[in-house]
Amino acid sequence: MRKKYVIVNKTRFTIFITILFLILLFILTTALNLDAVYSRSYNKHHKVVVRRGDTLWNIARDNNHNNEDIRRVLHNIIEYNDIKETTVFPGDIIKVPY
């Protein structure tokens with residue numbers, strides 16, 4: 001004989017299903033990395049030699065020829081050069097993608 005399940009509290013059941021759905025959605029987006037906002041592949045770049053007083057922010061601002069959001073340009077430079085620390089020194093060569 002099969003046991004039948006009865007939903008006693010519909011509100012509680014709805015909340016449970018909603019939370020379960022949100023947890024599964026979070027796990028999926030984390031696993032698939034669907035929230036990668038600034039991912040972009042570049043084939044071309046130009047090299048910038050860091051001068052005294054330069055920062056990555058200044059380099060990104062000065063090389064923002066497409067009038068993009070400066071934060072996006074900065075992020076692209078950091079990703080393209082695989083920069084771990086944001087401190088740059090005179091003589092460093094930074095590749096600026098375009």
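How many helices and strands does the chain have? I counted three helices and two strands. I note that the model is predicted.

**Layout.** I read the elements from the N terminus and got the order α-β-α-α-β. I then looked at contacts with a separation of 6 or more: 60% of them join residues 24 or more positions apart.

**Core.** I looked up the largest nonpolar core and found 13 residues in it. Those with the most contacts inside this core are Leu 56, Ile 59, Ala 60, Ile 77, Ile 94 and Val 96. I traced the core to its elements: helix H2 (56-62), helix H3 (70-81) and strand E2 (93-97) each supply at least two residues. H3 gives the largest share, four residues.

Leaving out residues up to four places away in sequence, Val 96 touches Lys 44, His 45, His 46, Val 48, Ile 59, Asn 63 and Ile 77.

**Surface.** I noted that buried residues make up 19% of the 98 residues in the chain. The accessible surface comes to about 8,700 Å², and carbon and sulfur atoms hold 57% of that area.

I also found a nonpolar surface patch of about 1,100 Å². Its members are Ile 7, Phe 13, Ile 15, Phe 16, Ile 17, Ile 19, Leu 20, Ile 23, Leu 24, Phe 26 and Ile 27.

I checked one of these, Leu 20, which sits in helix H1 (residues 10-32). Why does Leu 20 count as partly exposed? I put Leu 20 in that class because its relative accessibility is 38%, and partly exposed lies between the cut-offs of 20% for buried and 50% for exposed.

Key: Residues are numbered from 1 along each chain as its sequence is written. This is a predicted model: local features need pLDDT of at least 70, side-chain atom pairs count only at pLDDT 80 or more; totals for chains, interfaces and linings use all residues. Side-chain values use heavy atoms; hydrogens and water are left out. A nonpolar core is a set of buried Ala, Val, Leu, Ile, Met, Phe, Trp, Tyr and Cys residues joined through side-chain atoms within 4.5 Å. Buried means under 20% relative accessible area, exposed over 50%, partly exposed in between (1.4 Å probe, protein chains only). Contact means heavy atoms within 4.5 Å. Accessible areas come from the Shrake-Rupley method with a 1.4 Å probe; for residues, only the protein chains shown count as cover. Patches are made of residues with over 30% relative accessible area and no salt bridge: like charges are joined within 9 Å, nonpolar side chains (Val, Leu, Ile, Met, Phe, Trp, Tyr) within 5 Å. A salt bridge is a side-chain nitrogen of Lys or Arg within 4 Å of a carboxyl oxygen of Asp or Glu.
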